[in-house]
Amino acid sequence: MIGLRRGSGAAPSGRRPASPPTGFDPSSGATVPLRAEGVVRRHRSGRGIFDLDLSVTGGEVVSVLGPNGSGKTTLLRVLGTVDPAQAGSIAWFGRRERRDPAVRRALGVVLDGTAHFEAMTGYQNAWFFARRFGLDEVRARERLNRLFAWSGLAEAVHRPVEEYSLGMRRRLALVQALCHRPRLLLLDEPTLGLDWAGSVDLIEMLRRLARGGAGVVVATNDVHLAERLGGRVVFLDRGRAVRQGTVAELLAEVAGRQRVELDLRAPVPLRGLGAQPGVEAVGVAGTTVRLLLAGKADPVRVLRGLDGHAHLLAGLRVERPHLGDAFFRLTGRPLEGGGEP
Amino acid sequence: MIRFPVLPASIWQRELAELVQRPRALAVKMLFPLAVAVPLLHSSAPGFYAAMALTMLLSTMAPLGAGAVLARERASGLLLRYRLLPAPPGRVGMERVLAGAGVDLLQVAPVLTMIMVGGRGEAAWWPGLWLGAAATLVAGNALGALVSTVTRSPGEVMLIVLLPVLPALYLAGVFTPFTSPLMQAVTRLFPFAYLHEALVGALGGAATVTPGQAAAGAALHLLVALVLARLAGYRLVEAS
């Protein structure tokens with residue numbers, strides 16, 4: 001058993017509940033959690049986000065999909081009140097001041113970093129944030145016990161965070177982001193460091209949060225996460241929202257096509273492949289070439305485009321297209337492993 | 001039964017929790033000022049020079065320590081976590097700066113107590129001693145916080161933070177007392193001038209101010225340092 005010095009609240013048990021705790025006030029979705037219009041934040045490198053519009057309603061899950069360097073983290077930081085927008089406007093629950101404590105109390109933000117107070121235990125870390133977000137001792141204890149049990153960290157609550165693995169650190173960050181029952185949750189690459197079971201749990205939790213009235217924004221280049229979350233998807237490319245729609249709408253754009261991946265032993269010129277009949281898009285990430293073929297195109301015939309480099313072919317896969325292929329068809333750039341040069 | 005030693009609900013409590021959970025670091029932190037002060041106080045060093053060494057110790061350890069720790073917290077992303085707390089950034093940052101100063105004061109408390117118990121000066125110097133130490137440590141932590149926002153690593157902080165401190169020690173009359181009225185006026189602009197005077201007095205030396213003036217001047221500087229801590233705290237939390 002794990003005991004707490006203060007008060008008499010129940011300690012987290014090792015048993016993992018079937019579902020994560022939610023418990024939102026139904027009236028909380030009355031206002032639009034997030035409305036961003038014409039948002040610009042440009043870095044010195046010239047990258048950033050440009051003229052970006054995004055609104056999230058209560059109960060909605062929005063996945064922002066884009067390759068590395070497309071501006072996802074910049075967007076999350078601006079929407080999460082970490083950084084100011086240089087132009088445009090953002091309203092959180094109708095409020096426009098990002099430093100407004102009422103705004104920050106309503107947000108749960110998990111950025112890509114996993115910064116915690118290393119010498120303190122996981123429970124101490126989470127307790128600190130729970131209390132700072134306005135929970136009294138009784139509510140903090142009740143929420144944390146449930147969240148730690150849900151997160152699978154119950155056995156590690158008394159261990160210093162410096163002993164945690166990356167996955168445990170990310171789970172702890174989720175516990176901290178959820179402890180005050182945020183009405184808008186913003187997560188950057190939330191499945192990074194999570195195992196398969198953890199990812200499944202996370203998806204179920206995010207769905208439940210949305211059903212409870214919270215808005216959820218997830219920035220990721222994990223197409224499977226976005227597909228399983230459902231909801232709306234925004235394609236982010238070079239800092240601009242180039243397309244948005246539901247998962248079903250975007251998948252319909254590549255329905256009937258074939259996704260072909262060629263594993264090569266060395267880079268080859270792509271011109272010949274792109275010129276083959278039926279090839280709608282061609283891209284490269286390292287020595288992997290990705291092709292999007294029209295439904296009736298023969299992948300083997302397309303290999304003629306290797307123009308004498310066929311001996312470099314180490315493998316070929318033909319798959320059903322996913323959201324990444326919708327992005328690929330639209331931008332000509334692969335979503336995974338195909339970041340900005 | 002496993003007990004959580006401290007459940008921190010404030011930045012001050014968090015600093016303390018982290019401190020007590022690193023016993024070796026805590027021991028080094030507490031022994032460091034004593035390693036300087038004990039031989040000094042048991043030597044036959046004149047009051048002015050002993051006071052000079054102790055003033056230098058207090059006025060450099062605060063900005064060096066705060067700057068290095070805060071630069072590390074910035075690099076790790078912890079200051080970003082503070083930024084997202086639902087409270088005005090100036091208040092959050094000030095709380096962080098004052099927590100650092102509070103820990104520093106705990107660190108030097110044994111030294112100050114030794115001076116009170118074993119010093120040859122009058123008890124009238126004690127308020128100036130503690131207020132001067134507090135003002136110096138708060139101002140030093142505010143300086144360290146500011147420098148941490150314009151540097152890239154703890155090592156860089158340690159190089160830069162001493163650039164303003166060392167000339168300030170000279171201008172505060174810590175190395176040699178000034179006789180010209182202008183320089184005496186300049187001297188009073190620095191918080192460690194009053195700490196130095198109080199130390200000189202408490203160690204039985206000849207101070208240039210009365211115990212009351214030292215206490216009043218140190219109290220005034222403490223107020224100014226608190227304002228600086230708020231400004232530096234805002235910058236600390238909001239700087240990218």
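**Interface and interior**

In this predicted model, chain B and chain A bury about 3500 Å² between them, and carbon and sulfur atoms give 61% of that area. The size of an interface is often given as the accessible area lost when the parts come together. The points below take up this interface, the nonpolar cores and the surroundings of one glutamate.

**Contact between chain B and chain A**

- On the side of chain B, 35 residues are in contact with 39 residues of chain A.
- The rule finds 5 salt bridges across the interface of chain B and chain A.
- A:Arg132 forms a salt bridge with B:Glu95, and the closest N and O atoms of this pair are 2.9 Å apart.
- Polar contact across the interface of chain B and chain A involves 13 residue pairs, counted where both residues have pLDDT 80 or more.
- The side of chain B that touches chain A draws at least two residues from each of strand S1 (2-3), helix H1 (11-20), helix H4 (78-83), helix H5 (89-118) and helix H11 (211-238) of chain B.
- By residue type, that side of chain B comprises 21 nonpolar, 6 polar and 8 charged residues.

**Nonpolar cores**

- In soluble globular proteins, nonpolar side chains tend to be buried together.
- The largest nonpolar core has 40 residues, and the members that touch the most others are A:Leu144, A:Phe148, A:Leu185 and A:Leu206.
- Chain A supplies at least two residues of this core from each of helix H3 (122-132), helix H4 (137-151), helix H5 (166-178), strand S7 (184-188), helix H6 (196-211), strand S8 (215-220) and helix H7 (223-229).
- H5(A) gives the most to this core, with 7 residues.
- Leaving aside residues up to four places away in sequence, A:Leu206 touches A:Leu185, A:Leu187, A:Val216, A:Val218 and A:Leu229.
- A second, separate core of 32 residues includes A:Phe133 together with B:Ala101, B:Ala134 and B:Ala145.

**Surroundings of A:Glu227**

- A:Glu227 is part of helix H7 of chain A.
- With residues up to four places away in sequence not counted, A:Glu227 touches A:Val247, A:Leu251, A:His322 and A:Leu323.
- From C-alpha to C-alpha, A:Glu227 and A:Val247 are 6.2 Å apart in space, while 20 residues separate their positions in sequence.
- A polar atom of the side chain of A:Glu227 lies 2.9 Å from the backbone nitrogen of A:Leu323.

Conventions:
Residues are numbered from 1 along each chain as its sequence is written. Chains are lettered from A and ligands numbered from 1 in the order in which they are written. This is a predicted model: local features need pLDDT of at least 70, side-chain atom pairs count only at pLDDT 80 or more; totals for chains, interfaces and linings use all residues. Side-chain values use heavy atoms; hydrogens and water are left out. A nonpolar core is a set of buried Ala, Val, Leu, Ile, Met, Phe, Trp, Tyr and Cys residues joined through side-chain atoms within 4.5 Å. Buried means under 20% relative accessible area, exposed over 50%, partly exposed in between (1.4 Å probe, protein chains only). Helices (H or I, at least four residues) and strands (E, at least two) are DSSP runs, numbered from the N terminus. Contact means heavy atoms within 4.5 Å. Buried area is the accessible area (1.4 Å probe) that two parts lose on being put together, summed over both. A salt bridge is a side-chain nitrogen of Lys or Arg within 4 Å of a carboxyl oxygen of Asp or Glu. A polar contact is a pair of N or O atoms within 3.5 Å; within protein, one must be able to donate a hydrogen and the other to accept it, and residues adjacent in sequence count only if both atoms are side-chain atoms. Ala, Val, Leu, Ile, Met, Phe, Trp, Tyr, Cys and Pro count as nonpolar, Asp, Glu, Lys and Arg as charged, and the others, Gly among them, as polar.
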